[in-house]
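Visitor: I have a model open and would like to know what stands behind the words used for it. Could you walk me through it?

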Amino acid sequence: MSMIKQLFKYKLFLFGAVLIGGTFLASLFYLVFFNDQIPSSPLLYDENGRPLHAPYSGSVYPPFGTDEFGRDIAIVMLVGAKYTIGAAFLISLLRVVPAIFIGIFMQFYLKGIKRPLKSIADSLTYFPITLLAFLLLNWVSLRGVLYEEGAPPSSIQIIIYVAVLSLIFIPLNSVLIANEVELIYNKEFIACSRTLGAGKWRIITKHIRPFLVPQLWIILIREFIQTLILMSHLGILSIFIGGVVFKENLFGNMEPVSLSSEWAGTLGMWWGYLWTSYPWIAFIPIGLITLLILAAKGMLDSLEHMLATEQPVQVERAKKEDDASMAKLAPFQLLRMRDD
Amino acid sequence: MAASFDILLRFFYVALGLIFLSAFVGLFTEGIQLDGWLFLSNIRGILESLASPDLLSVIGPNGKEYTIFLQFWDYYFYSLAIFLSAFLLALGMGILLAYFTTYLPENRFNSVSKTVSLLEALPDLFIIIVIQFGVLFYFKQTGTLLFPVASTGQNKSYVLPILALALIPSLMVYKVILFLVRDELGKLYVNLAKSKGITKSTLFFRHILRNITPSIFSHSKSILLLLLSSMVIFEQIFNINGIFTFIITYPEPDIIAFTLILFYLPIFLLYALLTLIIGKTTGQRLEW
């Protein structure tokens, strides 16, 4: 408890937590009370009474304007927020929690396979993660829809998306956590405790846990940031959470459209606007994702800073002799008292 | 001898991992088929095509089979040039930036490191969009195109992708070096060097940098990871005809494995060479 209390003293942490939590709650609120209705703007006219064509800019239709279908961008973003944050959080949880058990198990029972496993996990470094995730999801979400050959329904697609993005990271994280456990295990007090007869279970739950848990928080937030980046990459490659539909856009081309309007998907969808005369539309989703990532990074930095400066055990300082009473003494009084 | 055998073994492990992963990807090319036999036959196919790469072929847009080597080397060297120059540029920029800020007073140093730590988290897509829009905006205002924003068939764009790709990794390198140097500055030999009147730049480049090289080296792998992942997206956005675009166009297990192992080869050689050089000149064994 005290850890969280201390953390909230950091302005950056507070800012990050409030931003992420607030956005998520606001988006959830909109789902519960307005059922995710995205208002479409009516046809708007300029001052001469001539109709303007969508997308409208922010000055005509505040605050962010509309997209090419006349949907209010601010509301689209608000609706997508909960899917973005929720999916990223869920994926990072699924990356870390199983890895804890596998990592500890590996460290205590399968020490022999750690080195070969690490080398094989090494090869993941040279297989770009974005490419791997794209290749694994390509058929399921994009090409399957394109050729309409038994593409699984939306809910299954979400499950596959989350599973792929979390499972490919579990080996790396397991090795990482096993290394972390090894570092703690090599501390002196653990050897001491083992000579006193502590079993593995006691060492894990009583001695390793207090050191491991803060590290796990750090890993979790880091994974959250990485997941967001990976999701935005997949968005550029037209792989969206919750599936794709094809709609005709402004230029009469068939464009993939994200069903859930989550940020990473809209980012990929709207990237092309950069080359049109509506470049601000391309900036909105990437700007929001950047903000989200910076908020998480702020939390991460505060957490790391706190752990680096924190005193593990609060030692009560010895009380200093009262300076005032000392001042009253005449020079060399203490010595003279001894002589008397 | 044992050390060089270790290095070779490492190449073998990574290649093996890449083959496994490619064979695994092969299970997802037509729906999801979690089938052990298909996995094994994929591995066999990959091994066969690695043994005789001349037989690697793709189905062209007109339905005919072509050998991949019509354009492959073109793609390959283009990607490699961008990747390696971005990697070296990131290292160089990181080191230079660190040199300029190392000797700042304590409070300025802290604020710099805090800012860098936040900036380093910026997603690469954000950097790309700002740079692309900046160049476009400048073009609209003045009519001169600073750099080609995207490649075309004949006209390859180098400067912009390399700069954009190197920007975030260089901040990462910078931050790592900054902290390593701060640790190093507290050591006794630095005091001795200072008292002998060695200039700051000599101290930094000759002594400190040399001592922190192994640590930089061990951090450089996470930079490679970041660069590779960004490369995939950069090729898409800058319209670069590189190997990752090639893989995305022809996602066959044997082509994926062949291309990635071939792409790993120069990285591996660079690392092996660096290990050798650093081992000879500083006497420190590198762990990677």
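Here are some questions about the terms, with answers.

Guide: Welcome! This is a predicted model, where local features need pLDDT of at least 70, side-chain atom pairs count only at pLDDT 80 or more, and totals for chains, interfaces and linings use all residues. Residues are numbered from 1 along each chain as its sequence is written, while chains are lettered from A and ligands numbered from 1 in the order in which they are written.

Visitor: Which residues of α3(A) and α7(A) meet?

Guide: Among them are Ile100(A) and Ile104(A) from α3(A), and Ile177(A) and Val181(A) from α7(A); contact means C-beta atoms, placed from the backbone, within 7 Å. The residues of this contact divide into 12 nonpolar, 4 polar and 2 charged. Nonpolar covers Ala, Val, Leu, Ile, Met, Phe, Trp, Tyr, Cys and Pro, charged covers Asp, Glu, Lys and Arg, and the others, Gly among them, are polar.

Visitor: Why is helix α10 of chain A called mostly covered?

Guide: In α10 (residues 263-270) of chain A, 8 of its 8 residues are buried, including Trp263(A) and Trp270(A). Buried means 20 or more other C-beta atoms within 10 Å of a residue's own, exposed 12 or fewer, and partly exposed in between, with C-beta atoms placed from the backbone.

Definitions and conventions: Helix = DSSP H or I, 4+ residues; strand = E, 2+ residues; numbered from the N terminus. Contact = placed C-beta atoms within 7 Å.
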